[in-house]
Amino acid sequence: MSPTRTALAAPLSNTDVAALDTAHVFHSWSAQKTLNPLALAGGSGSTVWDHEGRTYLDFSSQLVNTNIGHQHPRLIGAIKEQLDILTTVAPSHANHTRAVAAQKILSHAPSTMDKVFFTNGGADANENAIRMARLHTGRDKVISRYRSYHGNTGAAIVATGDWRRIPNEYSRGHVHVFGPYLYRSEFWAETPEQEAERALQHLRRTVELEGPQSIAALLLETVPGTAGILLPPPGYLEGVRALCDQHGIVLILDEVMAGFGRTGDWFALDSFNVRPDLITFAKGVNSGYVPVGGVIISEEISATFNDRVFPGGLTYSGHPLAAASVVASIEAFEQENIVENAARIGADHLEPGLKALAAKHEFIGEVRGRGVFWALELVEDRTTRKPVNAGFMGKLKTELLNRGLLPFIADNRVHVVPPAVVTPEEVRQALAIYDDALTAVS
C-alpha cells in the first residue's frame, strides 16, 4: 500500500479533517478565517455522515445537485467500467460514451434541440451559451434578472443578479431586470396574473429602451433557485418567448439547478408552454459525481456553426468519466422512475407537510415550490413581511444540524431540497426536525 493511500485510509476525527482543510483549502464565497466546515466522510441515498459516525439527512442535496442521491451504485459502476476502458480523451476525437451521453440528454429535451456542447459545469455552460447567442445574432447585450445566479465565470457572474456580481463586473453588455416574485412584488401586483403582466411590461420596456437590435439574449433561470425558488406565474415565460420571437432575441433557459427531476419534470420548462433556443444544464444531470455541464443547442443555432468555427472549447469537454456518469444517471432516472418520485414526493408529502408547518409557525411567511424544490421564506411579521435577520437564520441552522439535518440556508429562507430519490419516511423525519428546530428558535 502506497504512503498516499495509507494517509487517506488512516482513521480521522472531524477536528483533524476540518483543521487540515482550513489550513490548506481556499474556500469559495468565504472569509477564510471565519470558516468552521462540517467534515463529511461518506453518504448513501439521502443520508451523509461524518468521521465520527453521526448521520444527517441531506436536505441540501449538497448544492442542490445530488438529485439521484449519494453513491448510487449504477453511477459508481459506470464510472469504474469507464476507468477500465479509457480514462480521458481529447474533445476533438469521437468517443462513444460522450455521444451516447449527448443522445440521452437530447431524448428528454424539446424536439427542436439538436446538439449538446459539454462543459465542466454550469458557469461555463452559461458562458458558452452567451457566446453562442452573441455570435448567432451579431449582437452584444444580454438581459438577465436581478434575482438570479448563473455562475462564477466572466460573463456568467455579471449575468448573475445577486451581490456576487458587484465585485466582479468586468464583462460587457449586461442589463438586469426584475422578474416576477409576487410575495415581494416590485410591481404592486396582487395576483399572479397581474405579476406576470406587469413583469412582462417591465421587461418589454427595457428591451425597447435598450434597443432590440442590440440585444443578443435573454438569460433566465426557468425557476430561479438560489434567489428563492420562484415559480414563474402563468403566462410569464410564454410572454418572454413571444418577446424574443418579435425581436430576434435568443432565449436561454438556465436549468442548471432546476433540471433533471428537481421540479418533478425532466426539465422545469416542461411544465410551461415555452421552447428556448439554448438550455444550460449541470448539477442534476449526474448529481455531481464527476464535474460536467453543457449547453443544449437548437437546430437553428447549431446550423450557424456548420460552416463557421465556434471559437470556444474546453480540454475536458465531454470527459469520458463524466459522460459515463451521465448515461448511467439518465438510465437510472428512466428505469427507477426517479422523476416521478420527485413529483409524487412534492405533491403528496412536501407540499402538505410544509404548509402544515406554516400554519403552526407564524414566522413562515410563504411556502413555495414543486417536486423536491421548495422554500420557506421566514419573516418577523407576516403583515410587513420583514425578513428575519442573519442571527436568526444562524441559530436555525445550528438547531437543524444538532438534530441531524443538513440544511440549505439562503438569506432569510430555508430551501427544502432533498435528493429526488428521497422517501416518504425520510420526508416525515425531516419535517419533524424542521418543526422542532423552528420551535426552538421561536
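**Exercise 1: the cavity**

Find how many cavities of 30 Å³ or more the structure holds, and describe the lining of the largest cavity.

Solution. In this predicted model, the structure holds one cavity of 30 Å³ or more. The space in the largest cavity comes to about 50 Å³. Its lining is made up of Arg145, Arg147, Gly179, Pro180, Tyr181, Pro224 and Leu230, and sorting these residues by class gives four nonpolar, one polar and two charged.

**Exercise 2: helices H4 and H11**

Determine how helix H4 (residues 73-83) is oriented relative to helix H11 (residues 320-335).

Solution. The axes of H4 and H11 come within 8 Å and cross at roughly 150°. Because angles over 145 degrees count as roughly antiparallel, H4 is roughly antiparallel to H11. The crossing is right-handed. On the H4 side the contact involves residues including Leu75, Ala78 and Ile79, while H11 contributes, among them, Leu321, Ala324 and Ala328. By class, the contact of H4 with H11 has nine nonpolar, four polar and two charged residues.

**Exercise 3: helices H12 and H14**

Determine how helix H12 (residues 338-360) packs against helix H14 (residues 424-441).

Solution. The axes of H12 and H14 lie 11 Å apart, at an angle of about 15°. Angles under 35 degrees count as roughly parallel, and H12 and H14 are therefore roughly parallel to each other. H12 passes H14 in a right-handed crossing. The contact is made by residues including Ile345, Leu350 and Leu354 of H12, together with Val427, Leu431 and Tyr434, among them, of H14. Its classes are eight nonpolar, two polar and two charged residues.

Technical notes. Residues numbered from 1 in each chain as written. Predicted model: local features only at pLDDT ≥ 70, side-chain atom pairs only at ≥ 80, totals over all residues. Heavy atoms only, no water. 1 Å grid on protein atoms, 1.4 Å probe; cavity = no way out; pocket = protein on both sides within 12 Å on 5 of 7 lines; lining within 4 Å. Points joined across faces, edges and corners; volume = space filled by probe spheres on them. Nonpolar A, V, L, I, M, F, W, Y, C, P; charged D, E, K, R; others polar. Axes fitted to C-alpha atoms, helices over the stretch in contact; angles between N-to-C directions. Helix = DSSP H or I, 4+ residues; strand = E, 2+ residues; numbered from the N terminus. Parallel < 35°, antiparallel > 145°, perpendicular 65-115°, else oblique. Left-handed = near helix turned anticlockwise from the far one by under 90°. Contact = heavy atoms within 4.5 Å.
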